[in-house]
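Please keep the sequence and the structure in view while reading.

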Amino acid sequence: MNIISDNDIDEDLAKQFLSATYDGINLLPQVPERLTENLVAAILNVSEPTIKRMKEDKQIELTKSSILSYIRGNFLACRPLDMTSSANKTTPNSPISPQMTP
């Protein structure tokens, strides 16, 4: 049995797969089209000040369709970053204590 690491994942291919998988599925059932900053913050699991900044930077609008587009474009964003080069890599990175080389 082969086990792949996070570094072996082709992010573009994974986004294409997940996008195709979620086609036709309502990811936010019973959520109205117009949303409040509080509700968007809860959906995206971020703070209200973050939502205000995202709105000011025109990253999102307070609509269901805008939030769904943002989710589809960023659903791999929580993946831990590999901060080491492959030549210096001796241990796998942990999201709790990332390995960083100076």
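## The salt bridge

Lys-55 has a relative accessibility of 36% and therefore counts as partly exposed; the classes are buried for under 20% relative accessible area, exposed for over 50%, and partly exposed in between, with a 1.4 Å probe and protein chains only. The partner of Lys-55 in a salt bridge is Glu-37, and their closest N and O atoms lie 3.1 Å apart. A salt bridge here is a side-chain nitrogen of Lys or Arg within 4 Å of a carboxyl oxygen of Asp or Glu. This pair links distant parts of the chain, since Lys-55 belongs to helix α3 (residues 48–56) and Glu-37 to helix α2 (residues 37–44), 18 residues apart.

Glu-37 has a relative accessibility of 18%, so this residue counts as buried. In the whole structure, the search finds one salt bridge. As a general principle, side chains of opposite charge can pair when their charged atoms come close.

## Basis of the model

The model is predicted: local features need pLDDT of at least 70, side-chain atom pairs count only at pLDDT 80 or more, and totals for chains, interfaces and linings use all residues. Residues are numbered from 1 along each chain as its sequence is written, and side-chain values use heavy atoms, with hydrogens and water left out.

## Overall arrangement

The protein contains four helices and zero strands, in the order α-α-α-α along the sequence. Helices (H or I, at least four residues) and strands (E, at least two) are DSSP runs, numbered from the N terminus. Of the 102 residues in the protein, 20% are buried.

Contact means heavy atoms within 4.5 Å. Among contacts with a separation of 6 or more, 48% join residues 24 or more positions apart. The protein exposes about 7,800 Å², and carbon and sulfur atoms supply 54% of this area; the Shrake-Rupley method with a 1.4 Å probe gives the accessible areas, and for residues only the protein chains shown count as cover.

## The nonpolar core

The largest nonpolar core has 12 residues, including Leu-28, Val-31, Leu-35, Ile-51 and Leu-68. Such a core is a set of buried Ala, Val, Leu, Ile, Met, Phe, Trp, Tyr and Cys residues joined through side-chain atoms within 4.5 Å. Helices α2, α3 and α4 (64–74) are the elements that give two or more residues to this core, and α2 gives the most, with three residues.

In α4, the residues Lys-64, Ser-66, Ile-67 and Leu-68 are buried, and their cover includes α2. When neighbours within four places in sequence are left aside, Leu-68 is in contact with Leu-27 and Leu-28.

## A buried lysine

The side chain of Lys-64 reaches the backbone oxygen of Leu-28 at 2.9 Å. Beyond neighbours within four places in sequence, the contacts of Lys-64 include Asn-26, Val-31 and Pro-32.

## The loop between α3 and α4

Gln-59 is placed in the loop between α3 and α4. With a relative accessible area of 45%, Gln-59 is partly exposed. Apart from neighbours within four places in sequence, Gln-59 is in contact with Met-54 and Tyr-70. The C-alpha atoms of Gln-59 and Tyr-70 are separated by 8.0 Å, although the two are 11 residues apart along the chain.

Note on methods
Polar contact = N/O pair within 3.5 Å; in protein donor to acceptor, adjacent residues only side chain to side chain.
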